[in-house]
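Please open the model in your viewer and keep the sequence panel beside it. The stops below say what to select next and what is to be found there.

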There are 2 protein chains.
Amino acid sequence: MTYNIKEIASLAGVSKSTASRVISGNGYASPEARARVLEVVEQLQYKPNAVARAMVAKRTNNIGVIVFREQQPIVSHPLYGKLIDAILEAAEGLGYSVLLKTDREMSVRSADHMLERRVDGLILISRLRKNVVDHVKKYNLPYLMVNGSTDDPDVIHLVSNDEEGGAKAAAYLHGLGHRRFFVIAGPQEHRSHHLRLEGFRQGLQRLGVPASDLAIVLSPESNLEQGARLMAEHFEAFIGGDYTVLFTTNDMLALGAMKVLLQRSVRVPEQAAVMGFDDIDFAAAYAPALTTVKVDTNRMGHDAVALLDRLIHQEEVLSKKNEFSSEILIREST
Amino acid sequence: MTYNIKEIASLAGVSKSTASRVISGNGYASPEARARVLEVVEQLQYKPNAVARAMVAKRTNNIGVIVFREQQPIVSHPLYGKLIDAILEAAEGLGYSVLLKTDREMSVRSADHMLERRVDGLILISRLRKNVVDHVKKYNLPYLMVNGSTDDPDVIHLVSNDEEGGAKAAAYLHGLGHRRFFVIAGPQEHRSHHLRLEGFRQGLQRLGVPASDLAIVLSPESNLEQGARLMAEHFEAFIGGDYTVLFTTNDMLALGAMKVLLQRSVRVPEQAAVMGFDDIDFAAAYAPALTTVKVDTNRMGHDAVALLDRLIHQEEVLSKKNEFSSEILIREST
DNA sequence: AATAGCTGTGGGATCGTTCCCATACCACGA
DNA sequence: TCGTGGTATGGGAACGATCCCACAGCTATT
């Protein structure tokens with residue numbers, strides 16, 4: 001059974017006002033009244049109705065998280081999964097519950113869903129279209145973007161500093177002595193992939209590497225299968241072209257491609273080095289373990305929630321654009 | 001801004017009752033009234049307050065999902081991530097939103113949280129203690145368990161048929177000609193790991209393999225690191241003992257152990273075959289791709305939501321225990 | 001002409017809380 | 001003795017929807 005505060009009050013011999021004061025913990029109540037109410041609460045295992053509370057408080061203590069992504073996997077995506085884990089942990093710490101939704105149609109509907117449920121704030125993850133942001137903007141709902149792309153100066157967003165990461169990768173590989181570079185890059189309409197490639201390219205340029213020593217293959221998707229397919233397709237060009245290193249704009253592409261290399265008995269890193277980007281869990285587990293650029297997803301998730309909490313409390317937010325600098329994890333594949 | 005139905009009604013020149021009828025779509029309304037209300041709704045982008053709706057309907061259209069797990073990762077766990085993806089998709093299809101929570105303290109608090117928010121139903125995932133189930137049971141809240149263990153005949157639960165899977169693995173490996181078997185098994189207090197090992201052991205027994213040809217090493221955790229550590233620790237015993245195959249009770253242990261074998265130049269599968277359990281995404285991506293026992297996590301997630309929906313609608317549920325049979329995926333490691 | 005049965009409408013109660021406000025008691029100092 | 005201020009209490013409005021019910025108009029049947 002489920003009880004309401006009126007029943008609790010009458011069983012404790014007080015008015016609902018007094019019961020409310022005891023249970024919510026603000027307002028006066030005599031020690032005797034308090035004790036009686038708490039006893040009834042304990043005995044009946046009374047759970048206050050958060051829906052009714054939300055109604056009057058005009059706050060649900062729920063935040064909405066929407067992950068926009070065309071293809072599966074979404075939650076089980078190695079990077080977004082980590083991000084969601086961090087968000088859940090941080091949200092819990094601040095007393096929020098999380099309404100999670102995935103959206104593969106990139107529509108406005110998922111945002112409307114959250115709006116109707118009156119979440120206190122909204123975190124939008126990954127590739128979302130401009131119209132979704134514009135839609136959400138119309139309501140005075142605190143929201144922010146993680147790992148998406150926008151040129152809108154109003155939108156608060158958290159992104160990894162992909163350009164810097166790409167440049168760091170270039171410098172690191174150049175420092176190892178590599179001179180001819182092969183790149184498999186994910187979809188360029190996706191901000192991260194674009195900037196990682198751009199950073200890598202410019203990094204090489206600054207190091208004096210001529211454009212002719214850089215081969216770039218674009219991939220329509222950024223998963224294992226495409227990485228493997230493209231490596232297989234360009235295998236001769238890679239080996240025959242005296243390229244000594246493969247850089248990819250995420251780990252999935254790198255692992256897919258590296259598998260093809262290993263299958264064809266190319267020794268990694270002796271004959272060909274491989275470097276990815278993201279530091280997904282399996283990068284370290286692979287044989288050989290993948291050298292990569294680490295994005296601190298955990299901190300991004302925590303910061304996203306902390307920032308959203310500031311927005312919800314109408315506190316000042318220091319900067320709209322929050323970049324997370326990336327670091328190189330040297331492992332066995334280079 | 002956010003409006004309420006009274007404002008919509010007065011702008012449309014009707015009573016809130018009429019507006020409600022138009023918006024919710026049940027009850028009479030003249031074509032003219034309907035048109036005027038819908039126009040105002042459209043123009044003001046009115047979003048009905050789901051909190052208020054939930055209040056009167058005594059239904060939130062939210063379901064709660066709690067994942068119990070002591071260690072990180074939780075959502076980014078390769079198996080649970082897939083499960084959650086499936087649950088989200090199925091829930092969306094039935095008009096539910098999902099409140100997701102992770103619980104590392106295995107306490108009753110996370111369930112209380114869901115109870116307070118008045119979710120329509122609850123899905124409990126993984127290792128949960130008996131007291132949590134007993135606690136939830138006290139409320140007339142529809143709930144079910146996925147991938148947990150219980151001896152309580154009342155509890156509706158969905159599990160993979162781990163014993164059958166273990167036996168299938170034994171039969172398959174025996175059929176390949178293997179005669180001496182090495183096993184790394186996860187924590188035996190976890191139902192899955194226990195049954196997988198039991199099934200494997202009994203399967204071998206039925207095939208006439210003497211117990212002396214089966215070596216079992218128990219792992220305190222079921223992750224990559226432990227798989228690698230234990231393989232390294234028992235490397236001499238494994239190689240020197242003429243074992244030709246390693247079976248583990250999940251893929252993480254297998255991949256961790258396989259990495260050590262590859263590092264020590266053991267050729268897989270020629271010198272030693274490796275077989276896991278679960279079919280996580282990276283099992284297929286590894287070089288060599290891991291042969292494993294596939295658990296249909298996607299179907300489990302969908303079925304869990306469908307079943308919960310039946311419970312919520314007080315429809316009859318056919319059986320308390322729902323087992324999902326597993327199938328062997330033969331890849332490169334055997 | 002009376003009655004029944006639709007369509008259409010709006011008022012008010014309701015859901016379970018919180019919070020404002022009126023009231024009451026008591027102690028204390030002017 | 002009278003205010004004043006702190007403690008304690010309960011009644012009622014409010015939050016924003018739905019839904020029951022009363023009532024009104026219209027058409028069709030007897």
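**Where the two chains meet**

Begin by selecting chain A and chain B together: 47 residues of chain A are in contact with 48 residues of chain B, two residues being in contact if their C-beta atoms, placed from the backbone, lie within 7 Å. This is a predicted model, in which local features need pLDDT of at least 70 and side-chain atom pairs count only at pLDDT 80 or more, while totals for chains, interfaces and linings use all residues. Residues are numbered from 1 along each chain as its sequence is written, and chains are lettered from A and ligands numbered from 1 in the order in which they are written.

On the side of chain A that touches chain B, the elements giving two or more residues are α4, α5 (78-93), β2 (97-103), α6 (109-116), α12 (251-263) and α13 (281-285) of chain A; helices (H or I, at least four residues) and strands (E, at least two) are DSSP runs, numbered from the N terminus. Sorted by class, that side holds 24 nonpolar, 13 polar and 10 charged residues, where Ala, Val, Leu, Ile, Met, Phe, Trp, Tyr, Cys and Pro count as nonpolar, Asp, Glu, Lys and Arg as charged, and the others, Gly among them, as polar.

**The α4 pair**

Next select residues 50-57 in both chains, which form helix α4 of chain A and helix α4 of chain B; their axes come within 9 Å and cross at roughly 135 degrees. Axes here are lines fitted to C-alpha atoms, for helices over the stretch in contact, and angles run from 0 to 180 degrees between N-to-C directions. The two helices are therefore oblique to each other, given that angles under 35 degrees count as roughly parallel, over 145 as roughly antiparallel, 65 to 115 as roughly perpendicular and the rest as oblique. Show the side chains of A:Val51, A:Ala52, A:Ala54 and A:Met55 together with B:Val51, B:Ala52, B:Ala54 and B:Met55, the residues that make this contact; they comprise eight nonpolar, no polar and no charged residues.

**The DNA strands**

Now display DNA strand C, which is surrounded by 27 residues, the closest being A:Ile5, A:Ser20, A:Asn49, B:Ser15 and B:Ser17; a residue is near a molecule or strand if its C-beta atom, placed from the backbone, lies within 6 Å of it.

**Two helices within chain B**

Which helix crosses α2(B) at roughly 80 degrees? Select α3 (residues 31-44) of chain B, whose axis comes within 9 Å of that of α2(B), and the angle makes the two roughly perpendicular. Here B:Thr18, B:Ala19, B:Val22 and B:Ile23 in α2(B) meet B:Ala33, B:Arg34, B:Val37, B:Leu38 and B:Val41 in α3(B).

**A loop to finish**

Finally, go to the loop between α12 and β9 (273-278) of chain A, where A:Pro269 is placed; a cis peptide bond joins A:Val268 and A:Pro269, with omega about 10 degrees. A:Ser265 lies in the loop between α12 and β9 of chain A, and its phi is near 60 degrees, a positive value in a residue other than glycine.
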